[in-house]
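Hi everyone, thanks for coming. Let me put the model up on the screen, and then we can walk through two parts of it together.

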Amino acid sequence: MDQSYQSIRIPTALALTAGAILMLGVVASAFASSAQTCMFKPMSDDDKPFGLVVGADILLPEGKMEDYGIHIRFNGSIGAVAKFDELQADYPDSAVLDCRGNAVLSPGFVNAHEHPAYSYAFPDKNLNPNYLHRDEWRLGVNDKASLPIPKRYEFQPNDSKQSAALVSMELRHLIGGATTIAGSGGVPGVIRNVNLHKRLGDSELYDAEVESATFPFSFRAVEELKEECSTGTPKNLPLRIDSNLNFMAYIPHVGEGRYSSCTARAEVTRYLQHVQLRDRRYSLIHGIATDVSDYVLMQNYDVTLVWSPRSNLALYGETIDIASALEQGVKIALSTDWSPSGSFNMREEVKCAKHAAIEAGIEISSEMLWQMSTINGAYALGLEDRFGKIKSGLPADLILVQHKEGDPYDSVLTATHEDILAAWVNGQVILLSEMLDDRLSNQQCLILDGVSPRVCGVLEKFNLSEMEFQNSVKDIVPLVDTTRQAPCEVPG
Ligand SMILES: [Zn+2]
(Lines give C-alpha, C1' and ligand atoms only; values in the text may rest on other atoms or scores of the structure.)
Protein backbone atom coordinates (compact mmCIF):
# COMPACT_ATOMS: atom_id res chain seq x y z
CA MET A 1 0.00 0.00 0.00
CA ASP A 2 1.22 3.46 -0.83
CA GLN A 3 2.41 4.99 2.40
CA SER A 4 0.85 8.37 1.79
CA TYR A 5 -2.53 6.69 1.62
CA GLN A 6 -2.31 5.31 5.12
CA SER A 7 -3.71 7.56 7.72
CA ILE A 8 -5.76 7.73 10.84
CA ARG A 9 -9.37 8.75 10.39
CA ILE A 10 -10.53 10.93 13.21
CA PRO A 11 -14.21 11.76 13.25
CA THR A 12 -14.61 15.53 13.58
CA ALA A 13 -17.18 14.97 16.29
CA LEU A 14 -14.56 13.38 18.49
CA ALA A 15 -13.45 15.83 21.12
CA LEU A 16 -9.75 15.54 21.66
CA THR A 17 -7.99 16.47 24.82
CA ALA A 18 -4.64 18.19 24.55
CA GLY A 19 -2.96 15.00 25.66
CA ALA A 20 -4.73 12.92 23.06
CA ILE A 21 -3.76 15.38 20.34
CA LEU A 22 -0.15 15.13 21.42
CA MET A 23 -0.21 11.34 21.36
CA LEU A 24 -1.94 11.20 18.00
CA GLY A 25 0.56 13.73 16.70
CA VAL A 26 3.35 11.29 17.46
CA VAL A 27 1.51 8.35 15.92
CA ALA A 28 0.30 10.29 12.91
CA SER A 29 3.67 11.80 12.12
CA ALA A 30 4.57 8.64 10.25
CA PHE A 31 1.62 9.18 7.92
CA ALA A 32 0.20 11.86 5.66
CA SER A 33 -0.30 15.24 7.30
CA SER A 34 -3.92 15.39 6.14
CA ALA A 35 -4.79 12.54 8.50
CA GLN A 36 -7.61 14.21 10.33
CA THR A 37 -10.10 14.96 7.62
CA CYS A 38 -9.08 13.48 4.29
CA MET A 39 -6.73 10.84 3.02
CA PHE A 40 -4.75 11.56 -0.11
CA LYS A 41 -3.22 9.20 -2.62
CA PRO A 42 -1.35 10.69 -5.58
CA MET A 43 -1.83 9.50 -9.16
CA SER A 44 0.06 6.40 -10.10
CA ASP A 45 1.92 8.37 -12.76
CA ASP A 46 2.17 12.16 -12.60
CA ASP A 47 2.55 12.50 -16.33
CA LYS A 48 -0.66 10.71 -17.23
CA PRO A 49 -4.13 12.28 -17.29
CA PHE A 50 -5.76 10.08 -14.70
CA GLY A 51 -7.69 12.75 -12.83
CA LEU A 52 -8.83 12.83 -9.22
CA VAL A 53 -11.48 10.88 -7.33
CA VAL A 54 -13.03 12.82 -4.43
CA GLY A 55 -15.01 10.96 -1.79
CA ALA A 56 -17.38 12.81 0.57
CA ASP A 57 -21.02 13.42 1.32
CA ILE A 58 -22.07 14.77 -2.04
CA LEU A 59 -24.95 17.13 -2.75
CA LEU A 60 -26.49 16.08 -6.04
CA PRO A 61 -29.60 17.60 -7.66
CA GLU A 62 -31.52 14.50 -6.57
CA GLY A 63 -30.39 14.74 -2.97
CA LYS A 64 -27.52 14.11 -0.55
CA MET A 65 -25.43 10.99 -1.04
CA GLU A 66 -23.21 9.45 1.59
CA ASP A 67 -20.03 7.56 0.76
CA TYR A 68 -20.21 8.91 -2.74
CA GLY A 69 -17.54 10.06 -5.10
CA ILE A 70 -16.93 12.04 -8.22
CA HIS A 71 -14.16 11.80 -10.74
CA ILE A 72 -12.66 15.16 -11.72
CA ARG A 73 -11.23 14.65 -15.16
CA PHE A 74 -7.90 16.08 -16.26
CA ASN A 75 -9.72 18.50 -18.58
CA GLY A 76 -11.52 20.15 -15.66
CA SER A 77 -14.91 18.55 -16.13
CA ILE A 78 -16.87 16.25 -13.84
CA GLY A 79 -16.60 12.66 -15.03
CA ALA A 80 -18.31 9.74 -13.37
CA VAL A 81 -20.46 10.32 -10.27
CA ALA A 82 -21.02 7.09 -8.33
CA LYS A 83 -20.48 5.21 -5.09
CA PHE A 84 -16.96 5.86 -3.87
CA ASP A 85 -15.87 2.23 -3.86
CA GLU A 86 -17.06 1.72 -7.42
CA LEU A 87 -15.25 4.81 -8.61
CA GLN A 88 -12.05 3.81 -6.93
CA ALA A 89 -12.23 0.43 -8.61
CA ASP A 90 -12.96 2.03 -11.99
CA TYR A 91 -10.13 4.57 -11.73
CA PRO A 92 -7.29 2.76 -9.95
CA ASP A 93 -4.63 5.12 -11.30
CA SER A 94 -6.39 8.37 -10.38
CA ALA A 95 -5.35 10.46 -7.42
CA VAL A 96 -7.76 10.00 -4.54
CA LEU A 97 -8.95 12.47 -1.93
CA ASP A 98 -11.06 10.48 0.47
CA CYS A 99 -12.91 12.73 2.92
CA ARG A 100 -15.90 10.46 3.47
CA GLY A 101 -17.65 11.09 6.74
CA ASN A 102 -15.72 14.30 7.33
CA ALA A 103 -16.56 16.60 4.44
CA VAL A 104 -19.34 17.72 2.13
CA LEU A 105 -18.85 18.32 -1.57
CA SER A 106 -21.25 20.79 -3.18
CA PRO A 107 -21.42 22.63 -6.46
CA GLY A 108 -20.18 26.18 -5.98
CA PHE A 109 -22.88 28.82 -5.55
CA VAL A 110 -24.10 30.71 -8.59
CA ASN A 111 -24.51 34.37 -7.69
CA ALA A 112 -26.84 35.63 -10.41
CA HIS A 113 -26.71 39.32 -9.47
CA GLU A 114 -23.53 41.20 -8.73
CA HIS A 115 -21.92 44.39 -10.00
CA PRO A 116 -18.30 43.20 -9.95
CA ALA A 117 -16.85 46.48 -11.21
CA TYR A 118 -18.09 48.32 -8.09
CA SER A 119 -18.19 45.58 -5.51
CA TYR A 120 -15.01 46.49 -3.70
CA ALA A 121 -16.56 49.52 -1.95
CA PHE A 122 -17.96 49.69 1.58
CA PRO A 123 -21.49 50.98 2.26
CA ASP A 124 -21.62 54.78 2.50
CA LYS A 125 -22.05 56.26 5.97
CA ASN A 126 -25.37 57.77 4.84
CA LEU A 127 -26.85 54.46 3.73
CA ASN A 128 -30.37 54.27 5.20
CA PRO A 129 -33.51 52.23 4.59
CA ASN A 130 -35.85 55.15 3.89
CA TYR A 131 -35.76 55.25 0.11
CA LEU A 132 -38.95 54.64 -1.85
CA HIS A 133 -37.38 53.98 -5.23
CA ARG A 134 -33.77 53.52 -6.24
CA ASP A 135 -33.81 56.76 -8.28
CA GLU A 136 -33.96 58.54 -4.94
CA TRP A 137 -30.56 57.37 -3.75
CA ARG A 138 -29.04 57.27 -7.23
CA LEU A 139 -30.20 60.69 -8.39
CA GLY A 140 -31.31 62.45 -5.22
CA VAL A 141 -34.90 62.89 -6.51
CA ASN A 142 -37.87 63.53 -4.17
CA ASP A 143 -35.54 65.56 -1.91
CA LYS A 144 -33.72 62.44 -0.73
CA ALA A 145 -29.96 62.44 -0.13
CA SER A 146 -28.12 60.69 -2.92
CA LEU A 147 -25.53 58.02 -2.16
CA PRO A 148 -22.17 58.06 -3.94
CA ILE A 149 -21.63 55.56 -6.77
CA PRO A 150 -18.15 54.06 -6.48
CA LYS A 151 -15.69 54.48 -9.33
CA ARG A 152 -15.96 51.66 -11.84
CA TYR A 153 -12.91 49.37 -11.64
CA GLU A 154 -11.80 47.85 -14.92
CA PHE A 155 -9.32 45.08 -15.37
CA GLN A 156 -6.18 46.50 -16.93
CA PRO A 157 -3.15 44.24 -16.84
CA ASN A 158 -0.80 47.15 -16.14
CA ASP A 159 -2.88 48.69 -13.35
CA SER A 160 -1.97 46.57 -10.37
CA LYS A 161 -4.22 48.43 -7.91
CA GLN A 162 -7.43 47.86 -9.86
CA SER A 163 -6.42 44.33 -10.80
CA ALA A 164 -5.73 43.51 -7.16
CA ALA A 165 -9.10 44.96 -6.10
CA LEU A 166 -10.95 42.88 -8.68
CA VAL A 167 -8.99 39.72 -7.87
CA SER A 168 -9.79 40.31 -4.20
CA MET A 169 -13.50 40.78 -4.99
CA GLU A 170 -13.56 37.45 -6.84
CA LEU A 171 -11.60 35.62 -4.14
CA ARG A 172 -13.98 37.03 -1.53
CA HIS A 173 -16.92 35.53 -3.38
CA LEU A 174 -15.12 32.22 -3.82
CA ILE A 175 -14.30 32.05 -0.11
CA GLY A 176 -18.00 32.79 0.45
CA GLY A 177 -18.86 29.69 -1.62
CA ALA A 178 -19.58 31.12 -5.08
CA THR A 179 -17.82 29.77 -8.14
CA THR A 180 -19.86 31.90 -10.56
CA ILE A 181 -20.88 35.56 -10.48
CA ALA A 182 -23.01 37.31 -13.06
CA GLY A 183 -22.65 40.99 -13.81
CA SER A 184 -20.47 43.44 -15.65
CA GLY A 185 -16.74 43.51 -14.80
CA GLY A 186 -14.23 41.30 -13.05
CA VAL A 187 -11.05 39.55 -14.07
CA PRO A 188 -10.49 36.58 -16.36
CA GLY A 189 -9.27 33.38 -14.82
CA VAL A 190 -10.33 33.37 -11.16
CA ILE A 191 -14.05 32.83 -10.57
CA ARG A 192 -16.46 32.09 -13.44
CA ASN A 193 -17.95 35.34 -14.80
CA VAL A 194 -21.15 35.66 -16.80
CA ASN A 195 -22.27 38.63 -18.86
CA LEU A 196 -22.99 39.68 -22.43
CA HIS A 197 -20.02 39.82 -24.80
CA LYS A 198 -20.05 43.40 -26.05
CA ARG A 199 -16.44 44.22 -26.72
CA LEU A 200 -13.40 42.41 -28.00
CA GLY A 201 -11.81 40.62 -25.08
CA ASP A 202 -15.12 40.02 -23.32
CA SER A 203 -15.08 36.37 -24.35
CA GLU A 204 -11.97 35.88 -22.20
CA LEU A 205 -13.65 37.44 -19.18
CA TYR A 206 -17.19 36.12 -19.51
CA ASP A 207 -17.44 32.40 -19.81
CA ALA A 208 -21.14 32.46 -20.69
CA GLU A 209 -23.64 35.07 -21.75
CA VAL A 210 -26.82 36.61 -20.42
CA GLU A 211 -28.48 39.89 -21.32
CA SER A 212 -28.55 41.74 -18.03
CA ALA A 213 -30.09 45.18 -17.64
CA THR A 214 -29.71 47.57 -14.72
CA PHE A 215 -31.96 50.19 -16.34
CA PRO A 216 -34.43 48.18 -18.43
CA PHE A 217 -36.95 51.02 -18.79
CA SER A 218 -35.09 54.22 -18.15
CA PHE A 219 -32.16 55.68 -16.29
CA ARG A 220 -34.72 58.07 -14.77
CA ALA A 221 -37.82 55.99 -14.24
CA VAL A 222 -39.33 58.16 -11.49
CA GLU A 223 -39.15 61.24 -13.70
CA GLU A 224 -40.39 59.42 -16.80
CA LEU A 225 -43.37 57.97 -14.97
CA LYS A 226 -44.18 61.08 -12.96
CA GLU A 227 -47.26 61.98 -14.96
CA GLU A 228 -48.53 58.43 -15.19
CA CYS A 229 -48.18 58.14 -11.43
CA SER A 230 -49.92 61.44 -10.67
CA THR A 231 -52.69 61.51 -13.28
CA GLY A 232 -53.01 57.90 -14.33
CA THR A 233 -52.36 58.73 -18.00
CA PRO A 234 -50.31 55.80 -19.31
CA LYS A 235 -46.84 56.69 -20.55
CA ASN A 236 -45.21 54.85 -23.39
CA LEU A 237 -42.05 53.51 -21.77
CA PRO A 238 -41.01 50.33 -23.57
CA LEU A 239 -38.66 47.70 -22.23
CA ARG A 240 -35.11 48.02 -23.50
CA ILE A 241 -34.41 44.52 -24.69
CA ASP A 242 -32.53 43.11 -27.66
CA SER A 243 -34.89 40.77 -29.44
CA ASN A 244 -31.97 39.39 -31.45
CA LEU A 245 -30.60 37.89 -28.25
CA ASN A 246 -33.55 35.74 -27.31
CA PHE A 247 -31.34 32.64 -27.31
CA MET A 248 -30.05 33.83 -23.93
CA ALA A 249 -31.71 34.82 -20.66
CA TYR A 250 -32.86 38.36 -19.99
CA ILE A 251 -32.25 39.42 -16.42
CA PRO A 252 -33.22 43.00 -15.58
CA HIS A 253 -33.56 45.05 -12.38
CA VAL A 254 -37.31 45.61 -12.05
CA GLY A 255 -39.42 47.03 -9.25
CA GLU A 256 -36.50 48.10 -7.09
CA GLY A 257 -38.43 50.19 -4.64
CA ARG A 258 -41.09 49.79 -2.00
CA TYR A 259 -44.46 48.31 -2.81
CA SER A 260 -45.90 51.76 -2.15
CA SER A 261 -43.74 53.28 -4.92
CA CYS A 262 -45.93 53.84 -7.96
CA THR A 263 -42.86 53.77 -10.24
CA ALA A 264 -41.65 50.44 -8.89
CA ARG A 265 -45.13 48.95 -9.30
CA ALA A 266 -45.43 50.31 -12.83
CA GLU A 267 -42.14 48.64 -13.77
CA VAL A 268 -43.29 45.29 -12.43
CA THR A 269 -46.62 45.47 -14.25
CA ARG A 270 -44.95 46.35 -17.55
CA TYR A 271 -42.35 43.63 -17.23
CA LEU A 272 -44.80 40.90 -16.29
CA GLN A 273 -46.80 41.79 -19.41
CA HIS A 274 -43.72 41.43 -21.56
CA VAL A 275 -42.72 38.00 -20.21
CA GLN A 276 -46.01 36.61 -21.47
CA LEU A 277 -44.39 36.49 -24.90
CA ARG A 278 -42.69 33.34 -23.59
CA ASP A 279 -40.03 33.79 -26.26
CA ARG A 280 -36.99 33.36 -24.01
CA ARG A 281 -35.87 32.79 -20.43
CA TYR A 282 -36.89 35.71 -18.21
CA SER A 283 -35.75 36.55 -14.72
CA LEU A 284 -36.46 39.49 -12.48
CA ILE A 285 -33.91 41.08 -10.15
CA HIS A 286 -35.22 42.59 -6.89
CA GLY A 287 -38.99 42.86 -7.54
CA ILE A 288 -39.53 44.24 -4.05
CA ALA A 289 -42.70 45.94 -5.29
CA THR A 290 -44.50 42.66 -5.96
CA ASP A 291 -47.53 40.90 -4.52
CA VAL A 292 -49.39 37.62 -4.79
CA SER A 293 -50.91 38.41 -8.19
CA ASP A 294 -47.40 38.97 -9.57
CA TYR A 295 -46.15 35.72 -8.06
CA VAL A 296 -48.96 33.86 -9.83
CA LEU A 297 -47.81 35.35 -13.14
CA MET A 298 -44.15 34.65 -12.39
CA GLN A 299 -44.91 31.04 -11.65
CA ASN A 300 -47.08 30.70 -14.77
CA TYR A 301 -44.50 32.28 -17.05
CA ASP A 302 -41.45 30.68 -15.44
CA VAL A 303 -39.87 33.94 -14.30
CA THR A 304 -37.14 33.40 -11.70
CA LEU A 305 -37.04 35.98 -8.94
CA VAL A 306 -33.46 36.97 -8.17
CA TRP A 307 -33.65 37.90 -4.52
CA SER A 308 -31.15 40.13 -2.69
CA PRO A 309 -32.80 40.65 0.69
CA ARG A 310 -29.91 42.45 2.42
CA SER A 311 -29.68 45.12 -0.25
CA ASN A 312 -33.48 45.49 -0.27
CA LEU A 313 -33.68 45.94 3.49
CA ALA A 314 -30.68 48.26 3.69
CA LEU A 315 -32.08 50.68 1.09
CA TYR A 316 -35.86 50.33 1.24
CA GLY A 317 -36.60 48.80 4.63
CA GLU A 318 -38.62 46.02 2.99
CA THR A 319 -38.22 43.05 0.71
CA ILE A 320 -40.45 40.69 -1.26
CA ASP A 321 -43.42 38.91 0.31
CA ILE A 322 -41.32 35.77 0.64
CA ALA A 323 -44.08 33.67 2.22
CA SER A 324 -46.47 34.32 -0.67
CA ALA A 325 -43.77 33.94 -3.32
CA LEU A 326 -42.86 30.49 -2.01
CA GLU A 327 -46.48 29.53 -1.55
CA GLN A 328 -47.15 30.34 -5.20
CA GLY A 329 -44.16 28.24 -6.24
CA VAL A 330 -42.00 31.05 -7.63
CA LYS A 331 -38.48 29.94 -8.37
CA ILE A 332 -36.11 32.07 -6.29
CA ALA A 333 -32.37 32.56 -6.76
CA LEU A 334 -30.38 34.18 -3.97
CA SER A 335 -27.81 36.78 -4.93
CA THR A 336 -25.71 39.39 -3.20
CA ASP A 337 -26.12 42.55 -5.28
CA TRP A 338 -23.10 44.83 -4.72
CA SER A 339 -21.03 45.52 -1.63
CA PRO A 340 -22.24 49.15 -1.09
CA SER A 341 -25.65 47.82 -0.02
CA GLY A 342 -25.60 44.01 -0.28
CA SER A 343 -23.99 41.00 1.31
CA PHE A 344 -20.24 40.66 1.03
CA ASN A 345 -20.67 37.02 -0.01
CA MET A 346 -23.34 34.40 -0.68
CA ARG A 347 -23.24 32.82 2.78
CA GLU A 348 -24.06 36.20 4.30
CA GLU A 349 -26.96 36.48 1.86
CA VAL A 350 -28.23 33.06 2.94
CA LYS A 351 -28.11 34.25 6.55
CA CYS A 352 -30.09 37.36 5.67
CA ALA A 353 -32.65 35.39 3.63
CA LYS A 354 -33.19 33.04 6.54
CA HIS A 355 -33.66 35.96 8.89
CA ALA A 356 -36.08 37.78 6.56
CA ALA A 357 -38.13 34.60 6.18
CA ILE A 358 -38.36 34.04 9.92
CA GLU A 359 -39.50 37.65 10.36
CA ALA A 360 -42.18 36.90 7.74
CA GLY A 361 -43.29 33.91 9.79
CA ILE A 362 -41.84 31.09 7.70
CA GLU A 363 -38.79 28.91 7.80
CA ILE A 364 -36.93 28.06 4.61
CA SER A 365 -35.25 24.67 4.77
CA SER A 366 -31.49 24.43 4.36
CA GLU A 367 -31.94 22.29 1.28
CA MET A 368 -34.10 24.96 -0.32
CA LEU A 369 -31.66 27.74 0.58
CA TRP A 370 -28.94 25.64 -1.02
CA GLN A 371 -31.06 25.21 -4.16
CA MET A 372 -31.67 28.96 -4.24
CA SER A 373 -27.89 29.43 -4.13
CA THR A 374 -26.91 26.86 -6.74
CA ILE A 375 -29.32 25.36 -9.27
CA ASN A 376 -31.79 28.26 -9.18
CA GLY A 377 -29.00 30.79 -9.72
CA ALA A 378 -27.94 28.93 -12.86
CA TYR A 379 -31.59 28.70 -13.93
CA ALA A 380 -32.05 32.46 -13.52
CA LEU A 381 -29.20 32.87 -16.00
CA GLY A 382 -30.65 30.29 -18.40
CA LEU A 383 -27.45 28.31 -17.87
CA GLU A 384 -28.68 25.39 -15.78
CA ASP A 385 -27.28 22.96 -18.34
CA ARG A 386 -23.85 24.56 -18.00
CA PHE A 387 -23.20 24.73 -14.24
CA GLY A 388 -24.76 25.00 -10.77
CA LYS A 389 -24.87 21.27 -10.08
CA ILE A 390 -22.72 18.18 -9.81
CA LYS A 391 -23.39 16.24 -12.98
CA SER A 392 -21.19 14.29 -15.37
CA GLY A 393 -20.00 16.47 -18.21
CA LEU A 394 -20.34 19.81 -16.44
CA PRO A 395 -17.27 21.78 -15.35
CA ALA A 396 -15.92 20.87 -11.92
CA ASP A 397 -16.93 24.06 -10.05
CA LEU A 398 -16.92 22.64 -6.55
CA ILE A 399 -16.58 23.49 -2.92
CA LEU A 400 -15.46 21.01 -0.30
CA VAL A 401 -16.09 21.93 3.33
CA GLN A 402 -15.76 20.21 6.67
CA HIS A 403 -18.87 18.33 7.65
CA LYS A 404 -19.92 19.74 10.96
CA GLU A 405 -22.43 17.71 12.86
CA GLY A 406 -25.91 17.42 11.42
CA ASP A 407 -27.29 18.42 8.06
CA PRO A 408 -24.71 18.50 5.24
CA TYR A 409 -26.60 21.39 3.59
CA ASP A 410 -26.02 23.41 6.76
CA SER A 411 -22.31 22.61 6.65
CA VAL A 412 -22.13 24.11 3.17
CA LEU A 413 -24.32 27.13 3.95
CA THR A 414 -22.69 28.08 7.23
CA ALA A 415 -19.05 27.19 6.57
CA THR A 416 -16.54 29.82 7.59
CA HIS A 417 -13.26 30.25 5.75
CA GLU A 418 -11.74 27.95 8.35
CA ASP A 419 -14.08 25.14 7.29
CA ILE A 420 -13.05 25.30 3.65
CA LEU A 421 -11.04 22.31 2.50
CA ALA A 422 -10.89 23.13 -1.19
CA ALA A 423 -12.58 25.01 -4.00
CA TRP A 424 -12.25 24.17 -7.68
CA VAL A 425 -13.21 26.29 -10.66
CA ASN A 426 -13.16 24.42 -13.93
CA GLY A 427 -11.29 21.58 -12.22
CA GLN A 428 -8.48 23.85 -11.00
CA VAL A 429 -7.90 24.07 -7.27
CA ILE A 430 -7.98 27.73 -6.22
CA LEU A 431 -8.50 27.38 -2.47
CA LEU A 432 -6.73 24.64 -0.56
CA SER A 433 -6.69 24.01 3.17
CA GLU A 434 -3.32 23.59 4.80
CA MET A 435 -4.63 20.23 5.99
CA LEU A 436 -4.75 18.93 2.44
CA ASP A 437 -1.89 17.69 0.34
CA ASP A 438 0.00 20.24 -1.81
CA ARG A 439 -0.14 17.90 -4.75
CA LEU A 440 -3.85 18.63 -5.20
CA SER A 441 -2.76 21.82 -6.93
CA ASN A 442 -0.21 22.06 -9.68
CA GLN A 443 0.16 25.77 -8.91
CA GLN A 444 1.84 27.71 -6.19
CA CYS A 445 -0.37 28.03 -3.10
CA LEU A 446 0.04 31.11 -0.90
CA ILE A 447 -1.16 31.99 2.56
CA LEU A 448 -2.85 35.39 2.63
CA ASP A 449 -3.16 37.37 5.84
CA GLY A 450 -6.17 36.31 7.89
CA VAL A 451 -7.43 33.76 5.36
CA SER A 452 -7.45 30.11 6.32
CA PRO A 453 -7.29 28.25 2.98
CA ARG A 454 -4.27 28.83 0.79
CA VAL A 455 -4.87 30.61 -2.51
CA CYS A 456 -3.42 28.74 -5.46
CA GLY A 457 -2.30 29.97 -8.86
CA VAL A 458 -4.06 33.34 -8.73
CA LEU A 459 -1.75 36.22 -7.82
CA GLU A 460 1.00 35.14 -10.22
CA LYS A 461 -1.53 35.14 -13.05
CA PHE A 462 -1.80 38.90 -12.57
CA ASN A 463 1.88 39.45 -11.80
CA LEU A 464 0.97 40.49 -8.29
CA SER A 465 3.39 39.84 -5.49
CA GLU A 466 1.82 38.98 -2.18
CA MET A 467 2.94 42.30 -0.72
CA GLU A 468 1.62 44.27 -3.69
CA PHE A 469 -1.71 42.49 -3.37
CA GLN A 470 -2.03 43.06 0.37
CA ASN A 471 -1.09 46.75 0.03
CA SER A 472 -3.52 47.33 -2.82
CA VAL A 473 -6.52 45.84 -1.04
CA LYS A 474 -6.13 47.20 2.46
CA ASP A 475 -8.82 49.89 2.05
CA ILE A 476 -11.47 47.84 0.26
CA VAL A 477 -13.95 45.17 1.33
CA PRO A 478 -11.80 42.44 2.89
CA LEU A 479 -11.68 38.78 1.94
CA VAL A 480 -13.37 37.31 5.01
CA ASP A 481 -14.36 40.02 7.48
CA THR A 482 -18.02 40.96 6.94
CA THR A 483 -18.50 43.31 9.89
CA ARG A 484 -18.77 46.40 7.71
CA GLN A 485 -21.42 45.09 5.33
CA ALA A 486 -24.88 46.67 5.21
CA PRO A 487 -27.28 45.54 7.96
CA CYS A 488 -29.98 42.91 7.41
CA GLU A 489 -32.68 44.41 9.58
CA VAL A 490 -36.38 43.89 9.12
CA PRO A 491 -38.18 46.92 10.58
CA GLY A 492 -40.50 45.99 13.44
ZN1 LIG B 1 -28.12 45.34 -8.74
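**Around T290**

Leaving aside neighbours within four places in sequence, T290 is in contact (heavy atoms within 4.5 Å) with Y259, R265, V268, Y295 and I320. Before I go on, a word on the ground rules: this is a predicted model, where local features need pLDDT of at least 70 and side-chain atom pairs count only at pLDDT 80 or more, while totals for chains, interfaces and linings use all residues. Residues are numbered from 1 along each chain as its sequence is written, and side-chain values use heavy atoms, with hydrogens and water left out.

So where does T290 sit? You'll find T290 in the loop between β13 (283-286) and α9 (292-300); helices (H or I, at least four residues) and strands (E, at least two) are DSSP runs, numbered from the N terminus. T290 has a relative accessible area of 4%, so it is buried, a word that means under 20% here, with a 1.4 Å probe and protein chains only. A polar atom of the T290 side chain lies 2.5 Å from the backbone oxygen of G287.

**Now the sheet**

Here we have an open sheet of four strands, ordered β7-β8-β9-β10, with parallel pairing; strands pair if DSSP finds at least two bridges between them. β7 (109-111) and β10 (206-208) are the edge strands, each pairing on one side only. Three bridges join β7 to β8 (residues 178-182), and V110 stands opposite T180 in β8. Helix α4 (residues 160-175) packs on this sheet, touching β7, β8 and β9 (192-194). The direction of α4 makes about 125° with that of β8, using lines fitted to C-alpha atoms, for helices over the stretch in contact, and angles from 0 to 180 degrees between N-to-C directions.

Note on methods:
Buried means under 20% relative accessible area, exposed over 50%, partly exposed in between (1.4 Å probe, protein chains only). A polar contact is a pair of N or O atoms within 3.5 Å; within protein, one must be able to donate a hydrogen and the other to accept it, and residues adjacent in sequence count only if both atoms are side-chain atoms.
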